Amino acid sequence: MRIDIISAQPYLMESAFSHSILKRAQDKGLVEVKLHNLKDYGLGKHNQIDDYQFGGGAGMVMMVEPILNMIRDLQKERTYDELIYMTPDGDLFDQKTANQLSLKENILILCGHYKGVDQRIRDHIITREISIGSYVLSGGELAAAVVSDAVIRLLPGVLGDESSALSDSFQDDLLAPPVYTRPAEINGWKVPEILLGGNFPEIDAWREAKALEITKAKRPDLLDEDSL
Ligand code: 6GU
């Protein structure tokens with residue numbers, strides 16, 4: 001998979017892609033992530049990328065030309081399956097969307113900032129608009145890193161234990177059961193006895209029951225009516 005991210009502040013995302021699982025995924029050649037600075041396509045000698053909005057009002061709007069020129073150049077190299085715009089009024093990101101995106105070959109992500117981008121980019125270029133939650137961030141950069149992380153960890157070979165992405169919270173619409181490690185007791189706090197016995201069918205059943213119990217308590221919205 002290849003992910004190209006366009007931003008006026010690409011350095012905000014550098015560390016997210018330079019460590020741990022996302023770094024290893026790139027080192028292994030499972031994903032290629034390229035951050036692009038929109039200012040490289042800015043207009044005039046000040047590399048302008050935004051301007052006042054027509055009709056008046058506070059806040060600058062990202063201009064069509066720099067974005068369009070950069071995207072057209074990137075499209076000379078590859079065909080994008082999705083051109084995503086990160087925006088607080090986009091579709092709410094969830095595991096289902098992450099799963100869908102993980103099946104794509106080439107994804108382009110445009111990060112908005114200030115008042116956002118000129119609507120004509122959204123109308124004519126963008127194929128999908130994504131928000132990561134009901135709150136406002138200063139820009140789309142952290143949100144783009146969130147989406148990329150959720151997608152990249154699903155790619156085959158990225159996680160060491162191939163089964164572990166499947167047992168994540170949300171993958172089956174259930175939150176994850178609690179986990180414990182050594183020691184079996186500390187300060188009088190004990191690990192549930194069942195996890196120490198080695199009866200794996202019983203352990204699986206316990207984890208499933210716990211997952212359901214926790215989901216009912218914390219996120220009943222994830223469950224169908226009949227499992228409540
Ligand atoms: Cl994608 N961008 C911004 N600026 N704020 C957000 C968001 C995105 N998702 C939630 N809040």
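R2 counts as buried, at 9% relative accessibility (buried, under 20% relative accessible area; exposed, over 50%; partly exposed, in between; 1.4 Å probe, protein chains only). The structure is a predicted model, in which local features need pLDDT of at least 70, side-chain atom pairs count only at pLDDT 80 or more, and totals for chains, interfaces and linings use all residues. Residues are numbered from 1 along each chain as its sequence is written, and side-chain values use heavy atoms, with hydrogens and water left out.

R2 forms a salt bridge with E32, with the closest N and O atoms 2.8 Å apart. A salt bridge here is a side-chain nitrogen of Lys or Arg within 4 Å of a carboxyl oxygen of Asp or Glu. The pair links distant parts of the chain: R2 sits in strand β1 (residues 2-7) and E32 in strand β2 (residues 32-37), 30 residues apart. Helices (H or I, at least four residues) and strands (E, at least two) are DSSP runs, numbered from the N terminus. E32 is partly exposed, at 42% relative accessibility.

E82 is buried, with a relative accessible area of 8%. The side chain of E82 meets that of R128 in a salt bridge (3.3 Å, N to O). E82 belongs to strand β5 and R128 to strand β7, so this pair ties together parts 46 residues apart in sequence. R128 is also buried, with a relative accessible area of 18%. Shared partners join the salt bridges of R2, D4 and E32 into one network.

E82 also meets K104 in a salt bridge (3.6 Å, N to O). K104 lies in the loop between α4 (95-102) and β6 (106-111), while E82 lies in strand β5 (residues 82-92), so the two tie together parts 22 residues apart in sequence. K104 counts as partly exposed, at 26% relative accessibility. The salt-bridge count comes to 11.

Y135, L137 and L142 make a nonpolar surface patch of about 290 Å². Patches consist of residues with over 30% relative accessible area and no salt bridge; like charges are joined within 9 Å, and nonpolar side chains (Val, Leu, Ile, Met, Phe, Trp, Tyr) within 5 Å. Accessible areas come from the Shrake-Rupley method with a 1.4 Å probe; for residues, only the protein chains shown count as cover. Y135 is placed in the loop between β7 (128-131) and α6 (141-152). Y135 is partly exposed, at 44% relative accessibility.

The domain assignment gives domain 1 (2-152) and domain 2 (167-227), with bounds from an automatic or database assignment. The centres of domain 1 and domain 2, taken over C-alpha atoms, are 36 Å apart.
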